[in-house]
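Me: I would like to go through the pockets and the helix packing of this model. Could we start with the pockets?

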Amino acid sequence: FDYNLPLEFLRQIFDAVNNQPEDVWIIAHNGIFEIEAFLQEFREILRIDVDTMLLSKLVYPSKYDDHSLKGLSEMLTGDEYLELKDIFKGKIRFNILPENIVKWYACPDATNPIKILKILLKKLPEDERALFFDVETRLPKVKAYNEFYGLKLDEQLLADYVPKLEA
């Protein structure tokens, strides 16, 4: 990866996240990406307890194609956010952004997973919530590890197979 931040700073983020008490949820959106990025640099798994992208795909399996954090946040809260295409022409370089742009682009990414988690959990049928917390919350680590080391998960095959297991 080509980062705009020094690896020492990323290491501080990694350690801060992984050293949180167990009763503090680490919530991410598309946590597989973060896990794979830290695997790439440190060969260690980043702790993620809940991935709201997986939850989004459970709540909106086919009728909503935009499972991006900003897309979901806009749909669920009505708020609007800056997109990278609105900020950059050419190479994306976060280290040159003025503070006022960072505030409008990046800061909502810190709180939006919590906002959409609360909304999506209410939309998930109650009988599926335990399954989500027992099974789905463990999948990002497994899937990221498999993808990082070359084992791809056939998502469609899994999606087709799960209903057979539930029958």
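Me: Which element gives the largest share of the lining of the largest pocket?
Reply: The largest share comes from H7, with five residues. Helices (H or I, at least four residues) and strands (E, at least two) are DSSP runs, numbered from the N terminus. Please note that this is a predicted model, in which local features need pLDDT of at least 70, side-chain atom pairs count only at pLDDT 80 or more, and totals for chains, interfaces and linings use all residues. Residues are numbered from 1 along each chain as its sequence is written, and side-chain values use heavy atoms, with hydrogens and water left out.

Me: What is the volume of the largest pocket?
Reply: The volume is about 1600 Å³. A pocket is defined on a 1 Å grid over the protein atoms alone, as an open set of points where a 1.4 Å probe fits, with protein on both sides within 12 Å along at least five of seven lines; lining residues have an atom within 4 Å of a point. Grid points are joined across faces, edges and corners, and the volume is the space filled by probe spheres set on the points.

Me: Which lining residues are closest to its centre?
Reply: Of the 40 lining residues, His29, Phe33, Glu34, Phe94 and Asp109 are the closest to the centre of the largest pocket.

Me: What about the second largest pocket: how much space lies in it?
Reply: The second largest pocket holds about 910 Å³. Its lining has 24 residues, and Leu58, Glu136, Glu155, Leu158 and Ala159 are the closest to the centre. H10 gives the largest share of this lining, seven residues.

Me: Changing topic, at what angle do H3 and H7 pack?
Reply: H3 and H7 pack at about 30°, with their axes 10 Å apart. Axes are lines fitted to C-alpha atoms, for helices over the stretch in contact, and angles run from 0 to 180 degrees between N-to-C directions. H3 and H7 are therefore roughly parallel to each other; angles under 35 degrees count as roughly parallel, over 145 as roughly antiparallel, 65 to 115 as roughly perpendicular and the rest as oblique.

Me: Which residues meet there?
Reply: Thr52, Leu55, Ser56 and Val59 of H3 meet Pro113, Ile116, Leu117, Leu120, Leu121 and Lys123 of H7. Contact means heavy atoms within 4.5 Å. By class, this contact of H3 with H7 has seven nonpolar, two polar and one charged.

Me: How do H1 and H2 pack?
Reply: Helix H1 (residues 7-18) and helix H2 (residues 31-42) pack at about 125°, and their axes are 11 Å apart. H1 is therefore oblique to H2. On the H1 side the contact is made by Leu7, Leu10, Arg11, Ile13 and Phe14, and on the H2 side by Phe38, Glu41 and Phe42. Six nonpolar, no polar and two charged residues make up this contact of H1 with H2.

Me: Finally, at what angle do H2 and H9 cross?
Reply: H2 and H9 cross at roughly 50°, and their axes come within 9 Å. H2 and H9 are therefore oblique to each other.

How values were computed:
Nonpolar A, V, L, I, M, F, W, Y, C, P; charged D, E, K, R; others polar.
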